[in-house]
Amino acid sequence: MRLKIALAAVATLLTVSSAAAHRPDFGTGEYANPLTAYVIEDPEVSIVVYRDVTCERPELWMRLEGVAGMELYVQLLVPAIERLEGYRPTLAVVGPGFPASRLGIDLPSGAGAVPFPTASLEPVVFDEPFTGTRDWILMEETLLIPQTGTYYVVAWDPRRSTGKLAVSVGTREAFGLVDLFRFPGWRRDAQAFHELGRFAPAEPVTERICPR
């Protein structure tokens, strides 16, 4: 009976929309540059990486092995926290076959980029039902990978302000039974990232512009 209940719960997770079912990573790795990038094992599987943007770690990098002609779905979000209402980071997909670009950050040698600035975009509010969190979706796009090779997804604030952001990749849910038992921890970490309830800061937080 317990197994049937657990399987039913997993089945519920598997039937939710892609925006509500990203497998999360809460910044447990460095992910600060191409060498320490988060490794996307399967670009089709829905995942999300959360990031506290600091002066020491101003960029979030993710790496994948692309195949010519494959579709890559990317999404950039900011947690719906009042002080971040005007926070507008940029996302770029970086790799071979893309146009040469000057983004104000260091790119791998020979790589081009397709940037997605968000300064002039109106965010879309997204309520995540499983964690009880709210985000602003700044952009989402599906683009074609032009060549077979190593590609990167990078997010940062061109103004060099501290803040918070999240990047999601992929649309196919791939949860297993073990994920059911991970969910309470995921929910706790998501609420902490969004500063909800008992995770609200004791003192007001002020973001700052980092020196260049």
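Tutor: Residues 24 or more positions apart account for 78% of the chain's contacts with a separation of 6 or more. Contact here means heavy atoms within 4.5 Å. This is a predicted model: local features need pLDDT of at least 70, side-chain atom pairs count only at pLDDT 80 or more, and totals for chains, interfaces and linings use all residues. Residues are numbered from 1 along each chain as its sequence is written, and side-chain values use heavy atoms, with hydrogens and water left out.

Now the disulfide. Searching the whole structure turns up one. The term means a pair of cysteine sulfur atoms within 2.5 Å. The partners are C55 and C210, with their sulfur atoms 2.0 Å apart. The torsion about their S-S bond is about -85°, so this disulfide is left-handed. C55 sits in the loop between β3 (47-53) and β4 (59-66), and C210 in the segment after α2 (177-193), so the pair ties together parts that are 155 residues apart in sequence.

Both C55 and C210 are buried. Buried means under 20% relative accessible area, exposed over 50%, and partly exposed in between (1.4 Å probe, protein chains only). Of the chain's 212 residues, 48% are buried.

Helices (H or I, at least four residues) and strands (E, at least two) are DSSP runs, numbered from the N terminus. The order from the N terminus is α-β-β-β-β-β-β-β-β-β-β-β-α.
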